[in-house]
Amino acid sequence: MVSSSRMPARGTRLGAGLSRLARIREACFPFLQTAIPVAQDLAGSTTETVHLSEFGVDRLITVHVDHSSWATG
């Protein structure tokens, strides 16, 4: 995160480096590459929508949603 003295006190700007860090993290720890096929299989076998989330600092952050065939058909 980048905070600037030129920005209002209530504002924090997320820099482009955040996306780069996410790509580096995924390259080192392939969470999505491993978890998405499992979510797809689960959605297919249960006909339910599957939400894949990661725990953030104080809340869950949705990183992938796989809609069931029932919901999209």
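**Salt bridges, burial and a pocket in a predicted model**

Me: Why does R25 count as partly exposed?
Reply: In this predicted model, R25 has a relative accessibility of 32%. Buried requires under 20% and exposed requires over 50%, so R25, at 32%, counts as partly exposed.

Me: What makes the pair E54 and R25 a salt bridge?
Reply: The N to O distance between their side chains is 2.7 Å. The cut-off is 4 Å between a side-chain nitrogen of Lys or Arg and a carboxyl oxygen of Asp or Glu, so the pair qualifies. E54 sits in strand β1 (residues 50-55) and R25 in helix α1, 29 residues apart, and the pair links distant parts of the chain.

Me: Is E54 buried or partly exposed, and how do you know?
Reply: E54 has a relative accessible area of 21%. Buried means under 20%, so E54 is partly exposed.

Me: How do you know that E26 also pairs with R25?
Reply: The side chains of E26 and R25 come to 3.7 Å, N to O, which is within 4 Å and therefore a salt bridge. E26 has a relative accessible area of 17%; that is under 20%, so E26 is buried.

Me: Which residues make up the network of salt bridges?
Reply: R25, E26 and E54 are linked in it. R25 meets E26 and R25 meets E54.

Me: How many salt bridges are there in the whole structure?
Reply: There are 3. One of them joins R59 and D58, at 3.5 Å, N to O.

Me: Why are R59 and D58 called exposed?
Reply: R59 has 54% relative accessibility and D58 has a relative accessible area of 53%. Exposed means over 50%, so both labels hold.

Me: What does D66 contact, beyond its neighbours within four places in sequence?
Reply: D66 is in contact with A39, Q40, A43, E48, T49 and V50. A39 lies in helix α2 (residues 31-46). The C-alpha atoms of A39 and D66 are separated by 6.7 Å, and the two residues are 27 apart along the chain.

Me: Why is A39 called buried?
Reply: A39 has a relative accessible area of 4%, under the 20% limit, so A39 is buried. Leaving out residues up to four places away in sequence, A39 touches V50, H64 and D66.

Me: What lines the largest pocket, and what kind of lining is it?
Reply: L18, L21, A22 and I61 line the pocket, whose volume is about 160 Å³. Leu, Ala and Ile count as nonpolar, so the lining divides into 4 nonpolar, no polar and no charged. Helix α1 (residues 17-28) gives the most to this lining, with 3 residues.

Me: Which pattern does the chain follow along the sequence?
Reply: The pattern is α-α-β-β-α, with 3 helices and 2 strands. Of the 73 residues, 16% count as buried. Among contacts between residues at least 6 apart in sequence, 15% join residues at least 24 apart.

Definitions and conventions
Residues numbered from 1 in each chain as written. Predicted model: local features only at pLDDT ≥ 70, side-chain atom pairs only at ≥ 80, totals over all residues. Heavy atoms only, no water. 1 Å grid on protein atoms, 1.4 Å probe; cavity = no way out; pocket = protein on both sides within 12 Å on 5 of 7 lines; lining within 4 Å. Points joined across faces, edges and corners; volume = space filled by probe spheres on them. Helix = DSSP H or I, 4+ residues; strand = E, 2+ residues; numbered from the N terminus. Contact = heavy atoms within 4.5 Å. Buried < 20%, exposed > 50% of the residue type's maximum accessible area, 1.4 Å probe, protein only.
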